[in-house]
Structure formats: structure tokens, C-alpha cells
Amino acid sequence: MQRHLISAADLTRDDAVLILDTAEEMARVADRPIKKLPTLRGRTVVNLFFEDSTRTRISFEAAEKRLSADVINFTAKGSSVSKGESLKDTAQTLEAMGVDAVVIRHGASGAPYRLATSGWIDAAVINAGDGTHQHPTQALLDAFTMRRRLVGRDAGIGQDLSGKRITIVGDVLHSRVARSNVDLLHTLGAEVTLVAPPTLVPVGVESWPCEISYDLDSTLSKSDAVMMLRVQRERMNAAFFPTEREYSRRYGLDGDRMAKMPEHAIVMHPGPMVRGMEITAEVADSDRCTVVEQVANGVSIRMAVLYLLLGGNEPAVTHTRTEEK
Amino acid sequence: MDTEQDKQQYEADARPVLEAPDIARVLTRIAHEIVERAKGADDVVLLGIPTRGVFLARRLADKLEEITDRKIPVGSLDITMYRDDLRMHPPRALARTEIPGDGIDGRLVVLVDDVLFSGRTIRAALDALNDIGRPRAVQLAVLVDRGHRELPIRADYVGKNLPTSLRETVKVQLAEEDGRDTVLLGAKRTSPDAQQ
């Protein structure tokens, strides 16, 4: 049995619902005066961050500490990685220290998979974002936020997102968030539409379980949730659209566009937001925007994943992926 | 996981030690004992331990309300995350923890469970309570005490003391979950591997 979380595509519907239900209970811990559980006492978790990400790292760190795990933070900057040490050597060092789980963020797509399957390390591996590939806990926290808002906090227990229509807008090409969300939302029964300029749609997108559109306005009225993606300037090595202003005019979400959405529909953003480009301040600060909730929900989801992978003698989450030798 | 056939076989072999009217009667008695000991149950909060402890706690609250004419707060306390055997089994799905709105600080908390056995569940519950607040006192009510304690824990209110052997199992069925009220005493099934 697998005991890693590498890709949102690995999760079955039952696994995903189990994680969402567990997170709902974990969220209750956040309402208590003492936000701590003894569940992972004596277990060591390393946050192995080869790429900067304050938001994801502190979210994982908060989750690990609330479950009483011992936490080691490792950032590539200033470590032996900058002196040329390989992933394999780093992994073997961690193995020698008796680490139980590794939360890895890496700029190269596939690095967490390599770490999990190479035999270098015995610990559970949790992908915290790899290149343009996957960010499964982000997809889970997005699904959690949607289930809470669109199905209900208590009514959602045991439920998936069947019949919900989700629109994901923006830089799909560079977005592991979009990729992970398409996989997970499809597993949970939602209908996903990707909206992006043709230049920011990845090759092979036809095989993804979703619809593609180049026109934001025509999709808004039939969306239960609209997820805006950040335009990832740091990953752009060519001109994908003429000007920021033009992008903003065609694919940015402003008050007028938000008014076309159904009354109950929510606006999501994985953060950090670039106000004025993909989303206006008016939308970002409205009640329908769930960005702050998504951050809080991230801690609950990561607690749930850590508990289900590490809490017992074997993981509760099953995987369908067949291992390559 | 038990198959439906296993379940039916177990129920056919097991001996009922408490039936529905007995369960109703002992709960009424426990409710009276709580009022007696707490001198009116003014500050009582009932916390059931999932799954069946929660149903018992709700039934007790109804009976207390009949006696005292006051609404008694009821909640549930899932102890999964506090178990000392977490690492020996796959992680279990979490059940609901619901603390009544006014909290438990300064209150008399009565923990309610169906069967008291090793005492480890109650130990975990005491730990969990510690993280939620500071009750004035904690008491324990159980439907069945089957003995074999592994920790120095004792119930304040017991529906039935049931001396058992470790080769026996006690199974509580309640209408809310199982469709009927009964307490069954059966023989532990051992797999051929375990007998070697």
C-alpha cells in the first residue's frame, strides 16, 4: 500500500471524501482554546523546501505543530544544496536522522515522486508543490472550501461535489493548482471549465477531464465557483499575452463580471493575489471571495492528511497509482 | 470488516443480557442517581463517547429533563486522536466532537459510554477534556461494566456489572444505530491463524 501523497490524481473519491471529513473535525480544533492534539507526538516531520513558499510552509508547520509532531524546517537557500548536494544525498541524510515524513516543495516536476519511489528514504512523502505538476493539498483545501460554501458545513459530511460547476481562470499553463484541481474536482464529481488565453493552455489539455473555453463572460452565469489563478510572471519566459492591461480586460475578474455570477457563487484564489491584474480589489474584498478562508482551511486539510498518512501503523488513504520499478 | 453473515452468526450465538425494557430501566435509575449525587443536576453537562455513548447521553438527558424540568446540555467527545494505541492500527475515521455552547468550565461533566472495559478509552477522554476546558468535576456513567481494567479507573454510575472472561465479547446495540436495544454477550471469534 502507498503511503505518500504525490498527486491529486492518485486519490479515489472515497479517499478524498475521507480527507475532507477528517479536515472538518480538525477545523473544530482551531476553535478551541488549546489548539493542540497529541496525535503525532514523537514523530518527526521535515519541511523540505527547495523553492520559496512562506504561505505553504507555515501552513504545513502549523498543522504539524497542532498535531504535536517535531518539526524540522529545511530551506535550500544557505543549505548544502546551494553547495551542490543532490536530492539523493539530502534524502539519505534525513533517513539517517530517522525522519517519519517529508513535506517537499521543489521547482522540478516529479521530484516528490522520485523521492517517494527511489528507495532513498523510508518516510512518507507529501508533495507541497512540484514545478508545474501538482499541489494536492491545495486542491484538497479548495475542494474543502467549495464543499463548505456550496453544500454546507454539516450537510457536506460524507458528500462530494457532484453537479457543481467550477470555472478555473487564468494561467493554466504554469499552474499546478489548476492541474491538481481538475484531477480532484473531477474525482469528486464536479464539472470543471478552464478559461485561459490560448497561449496559456497546456499542450495535451484535451485529455484532461474538463471543458476548455477562451471566453470568461460566457461561463460566469453558470458557475458555482470561479477560481482565479495568479499570473506567474516568474515562470514566464516568453510573451504569452500582449499587455497586462489586455489580459486584465479579458480575463480579470471585476465587480461587473462578479455581478453576472449566480447569487450563491463564490470567488476563489490560491494566493498570493495580484490585485488589479487577475482580480480587482472590489472583488478580492467582497464577502464572496474565500481567499482568507482558504488559508485557514489549508491548515485543517494538512492536519487531516498528516493524521491519515502518519497517525496509525499504516495509512488510511489508498492509492490507485501503480508503481513503476 | 464483518460481513453481514458473520454478524448474523454472532447474533445467533450470543446471549442477550439486557433487553430494551432493562436498558430503559437502568437509564432511568442512572438519571435519578445523577440528580441525587449532583444535588439537582444544576451544572451537569453530559458528554457521550461516540458512537453509542452519544445516543445513551441523549437518552439520559431526556430522562434528566423529565426529572428536573430543565434542559440538560449534551455533547459528544471523540477520543480517537488521544488513544494510546493509535500507532498499532490504521488511523480511524474521526467522529464528531461537539461541546455544548456554554463550554465545560466549572461544570460537572458526566462522561457516558456503552461499555467500560480496559479503561483506556476513559483515560483518553480525560486527556481530551483537559484540552477543552476545566470542569468542576468529571464523573463516568456506563451501561455495562465488564471488568478487566488496565488502569485505575472506575465508573460512578453503572447500568449493569457484567463479569466476563476475556474470551467473551460484549456488544451493545441501540435503536438509533442498530435498529434495536439489546446487550449481547458472545464468544470471541478467533481466526485459525490466531489459534496457532
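Colleague: How many bridges join strand β1 of chain A to strand β3 of chain A, and do they run parallel or antiparallel?

Modeller: Five bridges join β1 (residues 44-49) to β3 (residues 101-106) of chain A, and the two strands run parallel. Strands here are DSSP runs of E with at least two residues, helices are runs of H or I with at least four, and both are numbered from the N terminus. Two strands count as paired if DSSP finds at least two bridges between them. This is a predicted model, in which local features need pLDDT of at least 70 and side-chain atom pairs count only at pLDDT 80 or more, while totals for chains, interfaces and linings use all residues. Residues are numbered from 1 along each chain as its sequence is written, chains are lettered from A in the order in which they are written, and side-chain values use heavy atoms, with hydrogens and water left out.

Colleague: Which residue is the bridge partner of Phe49(A) in β3(A)?

Modeller: Arg105(A) is the partner of Phe49(A).

Colleague: What is the strand order in that open sheet of four strands?

Modeller: The order is β2-β1-β3-β4 in chain A, with parallel pairing. The edges are β2 (70-75) and β4 (124-130) of chain A; each has a single partner strand, so one side of each has no neighbour in the sheet. From one strand to the next the twist averages 15°.

Colleague: Which helix packs on the sheet, touching β1, β2 and β3 of chain A?

Modeller: Helix α3 (residues 87-96) of chain A does, and its direction makes about 160° with that of β1(A). Contact means heavy atoms within 4.5 Å. Axes are lines fitted to C-alpha atoms, for helices over the stretch in contact, and angles run from 0 to 180 degrees between N-to-C directions.

Colleague: And the open sheet of five strands, what is its order?

Modeller: In chain A it reads β7-β6-β5-β8-β9, with parallel pairing. Strands β7 (211-213) and β9 (266-268) of chain A are the edge strands, each pairing on one side only. Strand β8 (residues 225-228) of chain A pairs with β9(A) over three bridges, and Val226(A) stands opposite Val267(A). Helix α5 (residues 136-151) of chain A lies across β5 (165-169), β8 and β9 of chain A, at about 165° to β9(A).

Colleague: Switching to the interface. How much area do chain B and chain A bury between them?

Modeller: About 1,800 Å², 54% of it on carbon and sulfur atoms. Buried area is the accessible area (1.4 Å probe) that two parts lose on being put together, summed over both. In chain B, Met81(B), Arg87(B) and Pro91(B) lose the most area to chain A, together 37% of what that side buries. The contact involves 19 residues of chain B and 26 residues of chain A.

Colleague: How many salt bridges does the rule find across the interface of chain B and chain A?

Modeller: Three, counting a side-chain nitrogen of Lys or Arg within 4 Å of a carboxyl oxygen of Asp or Glu. Arg96(B) forms a salt bridge with Glu25(A), with the closest N and O atoms 2.9 Å apart.

Colleague: Now the backbone. Which residues does the cis peptide bond in chain A join?

Modeller: Gly271(A) and Pro272(A), with omega about -10°. Pro272(A) lies in the loop between β9 and α10 (281-284) of chain A. In chain B, the bond from Pro50(B) to Thr51(B) is cis too, with omega near 0°.

Colleague: What about phi at Ser68(A), positive or negative?

Modeller: Positive, about 70°, although Ser68(A) is not a glycine. Most residues other than glycine have a negative phi. Ser68(A) lies in the loop between α2 (54-66) and β2 of chain A.
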